[in-house]
Amino acid sequence: MSYALITGASKGIGKAIAWELAAKGHNLLLVSRSEGLLKEVADAIRKKHSVLVDYFPVDLSESDSALKIKNWCLNKNYSVSVLVNNAGYALWGNFEKLKLEDQTNMMTLNMQAVVNLSYEMLPILRKEKQAYILNVSSTTAYQAIPTLSIYAATKVFVLLFSRGLRQELIDTNVSVSCLSPGTTKSEFMDRAGMEALKPMAEKFEMSAEAVAKIAIKGMFAKKAEIIPGATNYIVAKLTSLVPKA
């Protein structure tokens, strides 16, 4: 009996992915910093779907968080066939005006946590007949964005790491996909401090549920890169044709 492990599962796209996987009959391991929110999500999913759900509250920006998650899985004898590296956030503003400590923490969560958890969980994933890793990047990975300079750079890292890891594992039982959503209706913009941009963003945003459906379908189809929404796909692809400036 295997599980899908999802980080950042207490809200937004991570929460929607958890619901989507549960609807398809997958048992869940939910990871996030907020124990209260994780419990709410776990209880709600158990009531709606006939799946097993457990959760593990941990701050993924801590250096030993991935090891803690792996040991939790091993101690509980949880087999894991799906790993969704979703946890992450943005900070909006000019690089020199944002606190360096806050930007460094964002880099740790958006990049290092993805690497660490992938590394620690791969031996567990390799035990399955078929396993999947879904790393969540962003359409910002396809171009530099002033006032989101560091965030966009972290998502480039996730995209390129996913491409490389996919090729390393291409002849194994582990399929690696990268999800690059555009503006999504969630708490993301509020945490990033982007309230002023919300009226414009709302014209193009997708629901987290719609993104999750496309993401999970693409992951199980073993797609390398998944860009939900026609507009997002076109914009991401066009960036390679226009001047970098």
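1. Ground rules. Residues are numbered from 1 along each chain as its sequence is written, and side-chain values use heavy atoms, with hydrogens and water left out. As the model is predicted, local features need pLDDT of at least 70 and side-chain atom pairs count only at pLDDT 80 or more, while totals for chains, interfaces and linings use all residues.

2. Salt bridges. A salt bridge here is a side-chain nitrogen of Lys or Arg within 4 Å of a carboxyl oxygen of Asp or Glu, and the count comes to nine. One of them joins E20 and K24 (3.9 Å, N to O), and a network of salt bridges links E20, K24 and K213.

3. A bridge across the sequence. R163 and E225 pair through their side chains at 2.6 Å, N to O. R163 sits in helix α5 (residues 149–168) and E225 in strand β9 (residues 225–226), so the pair ties together parts 62 residues apart in sequence. Helices (H or I, at least four residues) and strands (E, at least two) are DSSP runs, numbered from the N terminus.

4. N27. This residue belongs to strand β2 (residues 27–32) and is buried, at 11% relative accessible area; buried means under 20%, exposed over 50%, partly exposed in between (1.4 Å probe, protein chains only). The side chain of N27 reaches the backbone nitrogen of L52 at 2.8 Å.

5. H49. You will find H49 in the loop between α2 (35–48) and β3 (53–57), and H49 is buried too, at 18%.

6. Helix α4. A kink of about 35° is centred on Q112, the bend being the angle between axes fitted to the seven residues ending there and the seven starting there.

Notes. A polar contact is a pair of N or O atoms within 3.5 Å; within protein, one must be able to donate a hydrogen and the other to accept it, and residues adjacent in sequence count only if both atoms are side-chain atoms.
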